[in-house]
Amino acid sequence: MNKATFLVDVKKCKNVLDDYGILRKMNNINIKEGSYIKFSEEFRKVAQKQNYNLAYIKGMESDDYDYLLKDGSFFFFLFDTHEKDFIILLAFYPSINDVSYDDFLVELIGTGIEECGSIFMDDYQQFIAEQESKSVSPIRYDYNSKIYKKFIHSASHLHFGNEEDIRVPLDKILLPSGFVKIVLQYFYYDLWKNRVAEQDYRSIFIQNNESYSIDQKYFSNDERNIPYIHI
């Protein structure tokens, strides 16, 4: 896989999120750049310190996301090369507040997103920064063969939480659209459950072109004897 293939899949995520009716904004600048240079310096600094709430706020303030959702949660996707391999990081930042942008507009001026668009987004971000935060569990996906250690640190894994060492191995390399479908299942369960009831399986199944096979030297037969996620 190369960067061009990765970025094509990043754009594909818009259709998935639109289909579920939860997309608020696509950052047209960021989705064209897969590397860390798309982030603001402030976001990079706080993200490295593992302060989730501060990283979330800085991410919102500086538009350090690829896709912003209606509830204030956001995604970003990274791709970089490493020798003859590559590195992938796919992240979902749940909102730290229960007040959506739509709710904020109704409370502030008595109208909705259809009339206002994103005019009051800066005010909303300031409002979020001043509220008491709720407890959330961010999720990210990593593929990095450089730091692979058999049984200890899987090359391909889902990481749950901010400071916890909860890494669940995957038997495939996941692309952004596949990651988005996992987030929809875990974080937007009611919407996902409706798709199951409607037997709309294509919208919930991870398709063949949304993941790649992983080299067996980074996911051995022995590792298939411990719990992992099969894609």
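This is a predicted model: local features need pLDDT of at least 70, side-chain atom pairs count only at pLDDT 80 or more; totals for chains, interfaces and linings use all residues.
Residues are numbered from 1 along each chain as its sequence is written, and side-chain values use heavy atoms, with hydrogens and water left out.

**View 1. Helices H2 and H3 in contact.** Two packed helices are described by the angle between their axes and the distance between the axes. Helices (H or I, at least four residues) and strands (E, at least two) are DSSP runs, numbered from the N terminus. The axes of helix H2 (residues 41-48) and H3 come within 8 Å and cross at roughly 165 degrees, where axes are lines fitted to C-alpha atoms, for helices over the stretch in contact, and angles run from 0 to 180 degrees between N-to-C directions. H2 and H3 are therefore roughly antiparallel to each other, since angles under 35 degrees count as roughly parallel, over 145 as roughly antiparallel, 65 to 115 as roughly perpendicular and the rest as oblique. Glu42, Phe43, Val46 and Ala47 of H2 meet Leu54, Ala55, Lys58 and Gly59 of H3 in this contact, a word that means heavy atoms within 4.5 Å. The residues of the contact of H2 with H3 divide into 5 nonpolar, 1 polar and 2 charged; Ala, Val, Leu, Ile, Met, Phe, Trp, Tyr, Cys and Pro count as nonpolar, Asp, Glu, Lys and Arg as charged, and the others, Gly among them, as polar.

**View 2. Helices H3 and H6 in contact.** The axes of H3 and H6 come within 10 Å and cross at roughly 170 degrees, and H3 and H6 are therefore roughly antiparallel to each other. On the H3 side the contact is made by Tyr56, Ile57, Met60 and Glu61, and on the H6 side by Tyr124, Gln125, Ile128 and Ala129. By class, the contact of H3 with H6 has 6 nonpolar residues, 1 polar and 1 charged.

View 3. On a 1 Å grid over the protein atoms alone, a cavity is a set of points where a 1.4 Å probe fits but cannot get out, and a pocket is an open set with protein on both sides within 12 Å along at least five of seven lines; lining residues have an atom within 4 Å of a point. Grid points are joined across faces, edges and corners, and a volume is the space filled by probe spheres set on the points. A search of the whole structure finds 1 cavity of 30 Å³ or more. Helix H3 (52-61) and helix H6 (121-130) are the elements that give two or more residues to the lining of the largest cavity, and H3 gives the most, with 4 residues. The lining consists of Tyr56, Ile57, Met60, Glu61, Gln125, Ile128 and Ala129.

**View 4. The largest pocket.** This pocket has a volume of about 520 Å³, and of the 21 residues that line it, the closest to its centre are Ala47, Phe76, Leu89, Tyr93 and Arg140. The largest share of its lining, 4 residues, comes from H2.

**View 5. The second largest pocket.** The volume of this pocket is about 220 Å³, and among its 17 lining residues Tyr36, Ile87, Leu89, Asp142 and Asn144 lie nearest its centre. E5 gives the most to this lining, with 4 residues.
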